[in-house]
Amino acid sequence: MKETLLEVNNLVTEFRTKEGPVQAVRDVTFSVRKGETLCIVGESGCGKSITSLSVIGLLPENGRIANGEVRYKGEAIHNLSAEKKRLMRGSEISMIFQEPMTALNPVLTVGYQLREPLMIHHGMSKQQATTRGIELLNQVGIPYPEKRMNQYPHELSGGMRQRVMIAIALAGDPGLLIADEPTTALDVTIQAQILDLINELKDRLDMGVMFITHDMGVVAEVADRVMVMYAGQKIEEGPVEEIFDRPKHPYTRGLLGSVPNVDDPTFELHPIPGTLPSLTEQIQGCRFHPRCLFAMDRCRQQVPPEDDLGNGHYVSCWLTREEAVSDGVGTNDEGTATRSEDAPLKVAQR
Amino acid sequence: MSTTFSVETPQVRTKKKDRFVVSTMKRLLKNKLAVVGLIIIAIQVIMALTAPWITSYDPATQQLTKSELPVMSEGHILGTDNYGRDVWTRIVYGAQISLVVAITAVTLGLLGGVVLGMLAGYYKKWDAVIMRFVDLLFAFPGILLAMLIIAILGTSLINVAIAISIWSIPTCARIVRGSVLSIKEKEYIMAMKSMGASDLRIMVKHILPNALAPIIVFATMRMATAILSTAALSYLGLGAQPPTPEWGAMIAQGQDYMWTSPHLTVIPGIAIMLTVFAFNVVGDGLRDALDPNMDLN
């Protein structure tokens, strides 16, 4: 197993608002290894983007890491000075964004924007940076890189721009690449190419990739491991096969049930009812229970702990315990399961 | 998918920056009024630069035997003033003064305004302080503020330039701040930050070029205001002192001879009016030309 690149422990990210502090990320723990892609999945507003911004240190002015730590190659990076964080960005951790249309400066040439990180992080001369820039464009599969260097972003197609973005992100030789929905704004064929490119670069450069998406199809394509987030919390995490074959959390199952299946004519979409609660909303117990089809009394009262199901599969849901109980011990008369103390469960002590 | 392509470079190396300037100029030149303005400005600039060659007199030398000659007199196409000085010569040298004072004032004003506006827009914590200072400057009517500054610094053309530049700062700062506020939220600024770019680099190299259009328009319009204010302050005796051939000062001096020699006030008046008009229409034209979304039909 490869060395751990990024470790996030008990991360809590808070925003100052007029209504008082609001937690956008609640006690999230995860890690990314070298050469591995971790997909963070969840619907809009579940805190996945804020998690990535916390890692790279680019939270909006009213946001702050209230608790927990972020470690990169074993060193804490969440409490570095602004200047050190700045130098770390691009050279250790890089990020690519959703909208290739807007993530490039419209008034500067591709070459200018590509040279910039090279000159910042490697102290290259303009000449050297140009040479290296052309190499990078070549590496991300852009034909005629010399010509592209002198072009403006509006002269390139969406897919080309995303490739340029990737080239810029790779310019500082980062160990970790954060991709925040990099294919959402692209059409499907281009999407597949960009995903292939990210996969290939990850293997070649031995990078860790933190891939943020809400598209389960994309997850299947790129992920090694998947982390599902809901309302600021991690609810399930595991290797991609585990998550797709044996999803435990009702929300994960819901996400998978929301993907259309063209091969199966009888397939019906099963959307998850309701909407994501607002961040200020106080919910007792499991934060998903108001939308959960399987919610029990316990879910409304107690927050489910994280259970280790083995194989690197973790889930926070009372249901898994009930299933384990019903498999092993049985249920009581009302049909609702109660957990006996000797139930065969490994409670995660993390 | 293969990610490397064989590279044959087609020799297309047009300067794209020039292309932007050219397309803006093309749009500007479609605007007839702006073209008229540009021609007037060009004539004025040529007049100012070639003053010693296109006039045969000195703007300050008096010829009392030839005082108050009317327009189209022999040797004095625009006549002479009450001291016998050639009006054409004085108008031409006046163009020099107006342009130099206005360019100095606008440059200084832009410098102050851009720096303040940029800081206020970019750093939230400085915003309130800087903008309250700007509001303070706004609270004075412009010409009063200029008079106040001249009262403190003393009467001279340099002080007029300084006064007008200070008067330009608040408007410019507001315009720049507004642009910065919207530009800094753009994704490419975030992308640049995620690249490890410093604040200074982001402000100067990424935000400023994107905020340039309103600044250019403001500068052009402000040239008109600056020329008018220079004339106004000189007319009031706060700017150019005799015998400096400043247009406003010429009007002030000519007004005593309104009945006998109206050309002494009318001609500098026309010069001021044409210049101000020219800069205003060019500013208008630039605003339309720099905004490609504008419908020119």
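This is a short tour of a predicted model, chain by chain and then across chains.

Some ground rules come first. Residues count from 1 along each chain as its sequence is written, and chains are lettered from A, with ligands numbered from 1, in the order in which they are written. Local features need pLDDT of at least 70 and side-chain atom pairs count only at pLDDT 80 or more, while totals for chains, interfaces and linings use all residues.

**Stop 1: chain B**

Select chain B and colour by secondary structure. Chain B has 12 helices and 0 strands; helices here are DSSP runs of H or I with at least four residues, strands are E runs of at least two, and both are numbered from the N terminus. The C-alpha atoms of chain B fill a box of roughly 90 × 50 × 35 Å along the principal axes. Of its 297 residues, 41% count as buried. Buried means 20 or more other C-beta atoms within 10 Å of the residue's own; exposed means 12 or fewer, partly exposed is in between, and C-beta atoms are placed from the backbone. Take the contacts in chain B between residues at least 6 apart in sequence: 69% join residues at least 24 apart. A contact requires C-beta atoms, placed from the backbone, within 7 Å.

**Stop 2: the two domains of chain A**

Select 1-92 + 175-285 of chain A for domain 1, then 102-173 for domain 2. These bounds come from an automatic or database domain assignment. The domain centres, taken over C-alpha atoms, are 26 Å apart. Across the boundary, 11 residues of domain 1 are in contact with 14 residues of domain 2. On the domain 1 side, helix H7 (residues 188-205) of chain A gives the largest share, 5 residues.

**Stop 3: where B meets A**

Show both chains. Here 25 residues of chain B are in contact with 39 residues of chain A. On the chain B side, helix H8 (187-194) and helix H9 (199-210) each give two or more residues. H8(B) gives the most, with 6 residues.

**Stop 4: the largest nonpolar core**

Which residues have the most contacts inside the largest nonpolar core? Select Cys39(A) and Ala167(A); the core has 160 residues. Such a core is a set of buried Ala, Val, Leu, Ile, Met, Phe, Trp, Tyr and Cys residues joined through C-beta atoms within 7 Å. Helix H4 (residues 87-122) of chain B gives the most to this core, with 18 residues. Both domains of chain A also give residues to the core, so it lies between them.

Finish by zooming in on Cys39(A). Among the residues it touches are Phe211(A), Val219(A) and Met227(A), not counting residues up to four places away in sequence.

Note on methods
Two residues are in contact if their C-beta atoms, placed from the backbone, lie within 7 Å.
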